[in-house]
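Hello,

Here is the structure I promised to pass on. Please have a look, and then read my notes below.

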Amino acid sequence: MLEFLAEPFMQRALLVALALGPICGFLGVFVTARRMAFFSDTISHAALTGVAAGFLAGFEEPTIPVLLYCSLVAVAMLWLRERTQLLNDTIMAVLLSSSVAGGVVLLSLQRNRWAELDKFLLGDILSVNWTDVGVAWGVAFFVAGVLLWKLTPLVLLTTHEDLAHVGGIRVRAMNYGFVILLTVAVSLSIRALGILLVTSLIVLPPAIARSLSHNLRQHIMLSFIVGVVGAGGGVLSSYPLNLPTGPTITLTLSLLFVLSLVVRRLRRDATDAKPSA
Amino acid sequence: MSQPTTKPSGPAIEIRDARVRLGDTDVLRGVTMMVPRGRMVALIGPNGSGKTTLLRCLLGLQSLDSGEVRILGEPVGPKVLSRVGYVPQRLQLEPSFTISVREFLSLRRRDTRGWFWQSHRRIDSMLHGTLGELGVESLLDRPLAGLSGGQLQRVLIAYSLLAEPELLLLDEPTAGVDTPGEQSFYELISSIHARLGLTVVLVSHDLAMVFRQATWVYALNGVICCEGHPEEVLNADSLKAAYGIHVTPYHHHHHGPQTGPVEQPIAFKRR
């Protein structure tokens with residue numbers, strides 16, 4: 001049934017999905033708790049300028065320019081938030097729309113690359129090479145390691161920034177550090193899900209896990225596992241169903257989300273029924 | 001919780017000529033105050049009088065334009081803040097953040113900072129000493145975001161006390177707490193203060209509470225307008241100096257507008 005896994009391109013796609021799904025799920029717990037979903041959406045859309053600038057600079061694979069430009073946008077968002085009276089949503093909307101417009105304009109200057117726009121908008125995980133697999137796993141270990149190492153400060157920061165400060169945490173450095181980790185994860189995941197869908201890999205696993213968990217430890221672990229199941233399941237089901245892989249990952253997660261709501265509802269009904277039983 | 005065996009000398013808080021300008025407003029215009037150790041003091045004043053700004057200066061969250069702030073004999077910094085407990089006005093938690101009370105409290109102690117890998121039983125045994133007296137043990141499995149105002153304040157007190165602080169700073173701690181909860185909260189603070197000998201600074205607009213619980217009161221309105229025992233400070237003249245309006249003590253319970261040169265009684269009552 002899984003003969004297609006003998007195909008090296010499927011092996012590589014699955015390995016990349018299994019690296020990125022869980023770390024995006026892990027990061028997503030804090031992204032959603034800190035109301036940063038739109039932030040990650042802005043970073044992913046900023047990638048379009050990174051892609052176009054990378055092509056213009058002669059990169060065949062624009063991963064590094066994407067990473068650099070997305071990091072620049074992420075730092076600019078934090079900096080503007082600190083230094084101006086502008087609302088967060090305004091800052092993000094400005095940077096998102098400017099980056100998309102900039103990316104399209106830069107791509108229009110190199111018509112021979114225009115056809116590759118789909119690949120970055122919707123992802124193309126089946127085209128990853130073994131170097132991409134190595135990078136994905138290296139980054140996954142790095143991000144997971146940093147998150148576990150700094151878990152307590154990050155949780156305190158998410159709970160209340162002033163309490164974190166009094167607790168000896170360097171709040172500003174932690175905020176920038178978290179945003180850089182998020183940027184790295186989002187930038188790399190664009191290859192799998194594309195600019196338009198990458199936020200689903202960040203937001204859906206914690207939303208699914210939220211319905212099933214009673215505390216933060218469960219939430220983090222379940223979100224991690226849902227990231228594995230959603231990303232891996234999406235890759236595996238896309239081949240026999242002959243569907244585009246990135247959107248299938250998102251739809252798998254969406255299906256799990258609906259199931260989680262049903263389970264939550266059933267559990268609540270069961271709890272409500274208990275006292276009268 | 002154990003009490004320090006040797007009590008350090010010197011004031012808990014020293015502020016000399018602290019000045020802070022935010023935008024076009026001089027929020028603090030030369031605040032000087034000294035809080036001896038072991039007192040339970042209240043900082044009162046109308047909205048915009050600089051109470052929260054002064055508290056933020058004590059916590060190192062707001063820098064001074066000029067002047068000096070020292071707490072527990074040291075300039076404000078991470079080292080001395082480890083000896084300070086802080087209870088914020090409220091936590092604005094996203095409901096999707098599932099942190100439980102147990103996990104939140106674990107963040108405060110060095111021996112429970114590995115909470116993610118530790119069993120509940122092990123964490124509970126480490127937290128037990130502080131929790132029993134505060135009545136939060138029954139809340140350990142509850143999500144922090146789902147607590148009532150009164151429950152949350154107790155949890156925040158427990159969180160602060162877990163690090164055995166020498167100075168406890170509370171910023172309008174009963175905002176959003178109902179009246180019975182408010183009363184029991186202040187009784188709890190009072191008993192903690194009496195038993196542990198902490199220095200407690202309460203920022204409050206609740207004059208009735210100040211009259212009942214504090215041993216010393218500072219009335220702030222950009223500068224310290226007056227200070228003294230509650231019965232000395234909480235009289236119409238002193239309050240007028242701080243609030244800029246006529247204040248009639250022991251009126252009906254209604255917190256009306258507290259700024260502007262309007263001859264309007266703001267309410268507090270003695271309970």
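In chain B, 6 strands make an open sheet with mixed pairing, in the order β6-β7-β8-β3-β9-β10. Strands here are DSSP runs of E with at least two residues, helices are runs of H or I with at least four, and both are numbered from the N terminus; two strands pair if DSSP finds at least two bridges between them. The edges are β6 (84-87) and β10 (224-228) of chain B, each pairing on one side only. On average, neighbouring strands of this sheet are turned by 15° against each other, direction ignored.

A word on provenance: this is a predicted model, where local features need pLDDT of at least 70, side-chain atom pairs count only at pLDDT 80 or more, and totals for chains, interfaces and linings use all residues. Residues are numbered from 1 along each chain as its sequence is written, while chains are lettered from A and ligands numbered from 1 in the order in which they are written.

Within the sheet, β3 (residues 40-44) and β8 (residues 199-203) of chain B run parallel and are joined by 4 bridges. Leu43(B) has Val203(B) as its bridge partner in β8(B).

Helix α1 (residues 51-58) of chain B lies across β3, β7 (167-171), β8 and β9 (216-220) of chain B, at about 150° to β7(B). Angles run from 0 to 180 degrees between N-to-C directions, with axes being lines fitted to C-alpha atoms, for helices over the stretch in contact; contact requires C-beta atoms, placed from the backbone, within 7 Å.

Finally, the axes of α4 (residues 120-134) and α5 (residues 149-161) of chain B come within 10 Å and cross at roughly 145°. Thr130(B), Leu131(B) and Leu134(B) of α4(B) make the contact with Arg154(B), Ile157(B), Ala158(B) and Leu161(B) of α5(B).

Best wishes

Technical notes. Two residues are in contact if their C-beta atoms, placed from the backbone, lie within 7 Å.
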